[in-house]
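Good morning, and thank you for coming. Please look at the structure on the screen while I describe how its parts are arranged.

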Amino acid sequence: MQALGLEWGDNQVHLAPAERLGEQALINQYWRLSPGQPWPRGGAVAVSCLPTQRAILRKFKVPFADPQKIAQIIYYESEHYIHSRPIEELAVAYCTLERQPEYSRLLVAAVPKEALRAHLQELEQKGVSPQVVTLDSLALLYAAQCSGQL
């Protein structure tokens with residue numbers, strides 16, 4: 001399967017198509033384009049990155065370890081730690097840093113929904129529909145989780 005990594009900066013777009021070879025990924029090309037410049041198309045699975053500076057990051061504990069419970073309460077719990085914007089205006093995601101029987105320690109990322117919507121619309125105009133949108137600083141963590149290395 002081929003994957004297309006995208007990093008959408010303020011002045012440039014970085015594209016890195018990769019193919020899986022056994023347990024390794026091979027990046028066979030790399031492009032650095034201006035946002036208005038046309039780019040190559042293909043049938044790859046797309047993973048896109050937003051700049052971390054567009055996100056609000058917080059670390060905190062929740063009093064349980066069950067991932068389903070965490071998913072149910074993540075917006076409510078995040079509201080206690082994010083004060084710069086109403087939680088309804090944010091897309092919130094998390095990764096578990098530590099899981100104990102009585103608690104979980106989380107890294108929470110919140111991005112304004114309008115920034116995420118604009119990012120997805122720009123990609124859609126180029127014919128790309130990413131299956132995953134992550135932050136540039138968390139992309140390696142996501143890749144390690146997907147590969148089973150973490």
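Which order do the strands of the open sheet have? The order is E6-E8-E7, in an open sheet of 3 strands with antiparallel pairing. Helices (H or I, at least four residues) and strands (E, at least two) are DSSP runs, numbered from the N terminus, and two strands pair if DSSP finds at least two bridges between them.

Before I go on, a word on the source. This is a predicted model, in which local features need pLDDT of at least 70 and side-chain atom pairs count only at pLDDT 80 or more, while totals for chains, interfaces and linings use all residues. Residues are numbered from 1 along each chain as its sequence is written, and side-chain values use heavy atoms, with hydrogens and water left out.

To return to the sheet, E6 and E7 are its edge strands, each pairing on one side only. E7 and E8 run antiparallel and are joined by 10 bridges. Glutamate 98 stands opposite arginine 105 in E8.

Two helices pack on this sheet. H1 touches E6, E7 and E8, and its direction makes about 125° with that of E7. Helix H2, residues 113-125, touches E7 and E8, and its direction makes about 65° with that of E8. Here axes are lines fitted to C-alpha atoms, for helices over the stretch in contact, and angles run from 0 to 180 degrees between N-to-C directions; contact means heavy atoms within 4.5 Å.

Next, the interior. A nonpolar core is a set of buried Ala, Val, Leu, Ile, Met, Phe, Trp, Tyr and Cys residues joined through side-chain atoms within 4.5 Å. Buried means under 20% relative accessible area, exposed over 50%, and partly exposed in between, with a 1.4 Å probe and protein chains only. The largest core has 13 residues, of which Ile74, Leu90, Val92 and Leu106 touch the most other members. Strand E6 (56-62), helix H1 (67-79), strand E7 (90-100) and strand E8 (103-112) each give two or more residues to this core.

Finally, the structure holds 1 aromatic pair. Rings of Phe, Tyr and Trp (its six-membered ring) pair if their centres lie within 6.5 Å; planes under 30 degrees apart count as stacked, over 60 as edge-to-face and the rest as tilted. The pair is stacked, because the rings of phenylalanine 60 and tyrosine 81 have centres 4.2 Å apart and planes at 5°. Phenylalanine 60 counts as buried at 4% relative accessibility, whereas tyrosine 81 is partly exposed at 34%.
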